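Hello,

Here is the structure we discussed handing over. My notes on it follow below.

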Amino acid sequence: MLQNIPKRPIADPWTFETSTPGTPGDGSVQEASHEEAEQIASGKVVDGTYFFFHREAAPREGENLDDPEQLKAAIREASGPAIATWEDFEGQVENIASLHHQAKRRGNEAYFERVWLGRRKQSARQAFDSGRWKDLQLLDFVVPKLEPATLGFDGSKWSDATGLVLTTMDGHQSKWAVWEHDGTDEWEVDETQVDLKVAEAFDHYSIARLYGDPAFGWSNALARWSSKHGTKKVFEYYTDSRNTRRIATAVGAYAEAIRSGAVSHDGDEAFARHIGKACRRDVRLLDEHARPLWTIEKERSDSPFKIDLAMCGVLSWQAYLDAMKANEFKRRSSRVLVIR
């Protein structure tokens with residue numbers, strides 16, 4: 001139908017679409033239309049014939065939809081001023097609020113946000129609390145040389161991003177390195193640069209463990225690091241379906257560390273951005289307390305928003321927990337030459 005529109009110029013034809021927001025990654029018509037509008041708004045695409053209107057309840061920092069007043073305020077905002085003039089509008093708000101409670105009981109809160117609050121990016125899908133993450137930053141924390149620490153490594157050699165996150169024995173995390181895709185087809189991470197940053201970490205600190213995902217081009221690199229630094233320090237740690245329960249358990253432990261404040265961080269902008277863009281993905285497994293397990297993913301496979309440093313944080317934190325359990329955190333002694 002769309003292809004036939006330009007064939008009727010005399011009729012001055014136009015098309016009309018109306019829908020609730022699409023789920024990110026589903027490839028729906030509405031998702032494509034929304035992305036087209038964003039491209040036009042940013043100036044990347046020019047189209048004077050395109051009109052797009054979208055209304056939603058804007059997510060707010062620290063929002064809690066379990067609070068009846070915050071929930072109703074979000075419903076009112078999503079409804080808009082025209083619908084607010086309806087007879088018994090507040091009764092409608094109450095009815096919609098009850099649907100939120102039902103959705104939450106069924107574990108489908110993200111669906112409620114999409115359909116009733118107009119949100120394409122649902123806060124219920126956000127893996128980690130960005131506001132809480134910001135509260136945990138320690139900008140003046142200095143990691144002493146030879147401090148015991150762990151490393152988490154994740155990424156893709158040809159797409160997305162590749163990074164390293166350091167965790168000290170005090171539970172403080174910092175971005176050690178990141179290589180983010182520059183948008184060109186020829187982009188590829190320089191393995192030599194990554195080797196140098198890993199070697200630098202082992203030289204500067206007493207690295208107890210490095211957990212790294214060998215997928216997407218990094219198996220040879222992990223083998224080199226293992227050969228150089230020892231098989232008891234460098235470990236392969238898949239983050240996909242080959243290691244579902246293990247990685248989901250690690251993600252859960254990291255989420256709990258953020259909630260409880262057990263972890264702190266350096267306030268790095270890229271690290272915070274990756275944490276904020278990580279989305280939950282249920283894995284249909286339960287932990288030892290019969291609670292649902294989940295892992296993290298991008299909002300959709302082709303999303304320009306990266307989350308690799310978030311996974312680095314997960315791996316580095318799990319390496320930290322395992323090293324603590326095995327009592328592997330030991331400070332290296334440095335030679336001191338005293339001249340009299």
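**Sheet, hairpin and cores**

Helix H6 (residues 191–204) lies across S1, S2, strand S3 (172–180), strand S4 (206–212) and S5, and runs at about 165° to S3. Helix H10 (residues 308–325) also packs on the sheet, where it touches S1, S2, S3 and S4, and its direction makes about 145° with that of S1. Please keep in mind that this is a predicted model.

The sheet is open, with 6 strands in the order S5-S4-S1-S2-S3-S6 and mixed pairing. Its edge strands, S5 (234–236) and S6 (264–265), each pair on one side only. Within the sheet, S1 (residues 148–155) and S2 (residues 161–168) are antiparallel and share 7 bridges; Ala149 stands opposite Thr168 in S2.

S7 (residues 279–286) and S8 (residues 292–297) also form an antiparallel pair, over 5 bridges. Arg280 has Ile296 in S8 as its bridge partner. The S7 and S8 hairpin has 5 residues between the strands, and Ala290 takes a positive phi near 65° there.

The largest nonpolar core has 34 residues, and Phe128, Ile247, Tyr254, Ile296 and Val314 have the most contacts inside it. Two or more residues each come from S4, helix H8 (244–260), helix H9 (269–277), S8 and H10. H10 gives the largest share, 10 residues.

A second, separate core has 23 residues, including Val198, Ile207, Trp218 and Leu222.

Regards

Key: Residues numbered from 1 in each chain as written. Predicted model: local features only at pLDDT ≥ 70, side-chain atom pairs only at ≥ 80, totals over all residues. Heavy atoms only, no water. Pairing = 2+ DSSP bridges. Helix = DSSP H or I, 4+ residues; strand = E, 2+ residues; numbered from the N terminus. Contact = heavy atoms within 4.5 Å. Axes fitted to C-alpha atoms, helices over the stretch in contact; angles between N-to-C directions. Core = buried A, V, L, I, M, F, W, Y, C linked by side-chain atoms within 4.5 Å. Buried < 20%, exposed > 50% of the residue type's maximum accessible area, 1.4 Å probe, protein only.
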